Amino acid sequence: AAHAEAHDYRVTAATIPLDQWYIHRATARFLREGESRVSFAVHGNNHTRHELARVDDPDRAAVLAAQALKRSGAVRRAGVEIGPVMVPPHGACSVAMLEGCLRAGFDAICAEWPYWWLAEADVSSPLSGWHPLDRVAGLPVVPRLHVVASDRDDMPFRAFLGQPLVLYAHHT
């Protein structure tokens with residue numbers, strides 16, 4: 001939190017709703033104190049392999065997304081910010097799931113570039129994936145780039161285009 005404050009960036013941890021039944025009080029207190037720079041996003045629901053990719057019915061998807069938001073309420077009740085932004089586990093999500101997330105109340109999805117749904121969705125523009133964000137099934141999609149594996153030349157170009165630079169890594 002101190003490094004993020006000193007260097008003017010934000011840290012968001014994608015957290016699994018299934019694991020949010022217990023919130024460590026001292027950790028919650030620390031996060032509330034660093035709240036201006038530290039927050040959470042929703043990382044699936046159960047974090048099972050391709051749980052968001054297997055859903056092909058928007059109604060089922062909306063139920064799953066609503067459950068994830070409800071489970072995430074434990075973090076909010078502890079006074080810690082958790083944004084209604086879905087980060088698909090293992091980078092996999094169906095277009096039906098995107099629609100379900102929108103219907104359940106998610107504001108956006110944050111997904112790895114290159115986008116995995118381009119083969120599934122009807123892409124209407126050759127510039128899909130190059131705007132500050134795209135909309136798929138009505139849901140805004142913000143690109144995220146792996147801090148180590150991404151093309152380093154791509155990052156300054158995206159910044160030039162006005163895209164947010166959302167870099168990610170895993171705890172390992």
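Predicted model: local features only at pLDDT ≥ 70, side-chain atom pairs only at ≥ 80, totals over all residues.

Modeller: Residues are numbered from 1 along each chain as its sequence is written, and side-chain values use heavy atoms, with hydrogens and water left out.

Biologist: How do you know how many helices and strands there are in the protein?

Modeller: Helices (H or I, at least four residues) and strands (E, at least two) are DSSP runs, numbered from the N terminus. The protein has five helices and seven strands. Their order from the N terminus is α-β-α-β-α-β-α-β-β-β-α-β.

Biologist: What makes a space a pocket rather than a cavity?

Modeller: Both are found on a 1 Å grid over the protein atoms alone: a cavity is a set of points where a 1.4 Å probe fits but cannot get out, whereas a pocket is an open set with protein on both sides within 12 Å along at least five of seven lines. Lining residues have an atom within 4 Å of a point. Grid points are joined across faces, edges and corners, and the volume is the space filled by probe spheres set on the points. For the largest pocket that volume is about 820 Å³. Its lining has 27 residues, and the closest to the centre are Thr12, Ala13, Ala14, Leu167 and Tyr168. Two or more lining residues come from each of β1 (11-15), β2 (38-42), β3 (82-86), β4 (108-112), β6 (139-146) and β7 (167-168). Strand β1 gives the largest share, four residues.

Biologist: How does the lining of the largest pocket divide into nonpolar, polar and charged residues?

Modeller: Ala, Val, Leu, Ile, Met, Phe, Trp, Tyr, Cys and Pro count as nonpolar, Asp, Glu, Lys and Arg as charged, and the others, Gly among them, as polar. On that basis the lining holds 18 nonpolar, six polar and three charged residues.

Biologist: Why is Arg37 called buried?

Modeller: Buried means under 20% relative accessible area, exposed over 50%, and partly exposed in between (1.4 Å probe, protein chains only). Arg37 has 16% relative accessibility and therefore counts as buried. Glu5, with a relative accessible area of 44%, is partly exposed. Of the 172 residues of the protein, 43% count as buried.

Biologist: What makes the contact between Arg37 and Glu5 a salt bridge?

Modeller: A salt bridge is a side-chain nitrogen of Lys or Arg within 4 Å of a carboxyl oxygen of Asp or Glu. The N to O distance between Arg37 and Glu5 is 3.3 Å. Arg37 lies in the loop between α2 (25-33) and β2, and Glu5 in helix α1 (residues 2-7), so the pair ties together parts that are 32 residues apart in sequence. The rule gives a count of seven salt bridges.

Biologist: Which other pairs meet in a salt bridge, such as that of Asp59?

Modeller: Asp59 pairs with Arg103 at 2.5 Å, N to O. This pair links distant parts of the chain, with Asp59 in helix α3 (residues 58-77) and Arg103 in helix α4 (residues 95-104), 44 residues apart. Asp59 counts as partly exposed at 47% relative accessibility, and Arg103 is likewise partly exposed at 47%. Arg158 and Asp154 form another salt bridge, at 2.9 Å, N to O. They are four residues apart in helix α5, so about one helical turn separates them. Both Arg158 and Asp154 are buried. Salt bridges with shared partners also join Glu5, Asp8 and Arg37 into one network.

Biologist: What makes Phe157, Phe160 and Leu161 a nonpolar surface patch?

Modeller: Patches are made of residues with over 30% relative accessible area and no salt bridge; like charges are joined within 9 Å, and nonpolar side chains (Val, Leu, Ile, Met, Phe, Trp, Tyr) within 5 Å. Accessible areas come from the Shrake-Rupley method with a 1.4 Å probe, and for residues only the protein chains shown count as cover. Phe157, Phe160 and Leu161 make a patch of about 330 Å². Phe160, in helix α5 (residues 154-160), has a relative accessible area of 68% and is therefore exposed.
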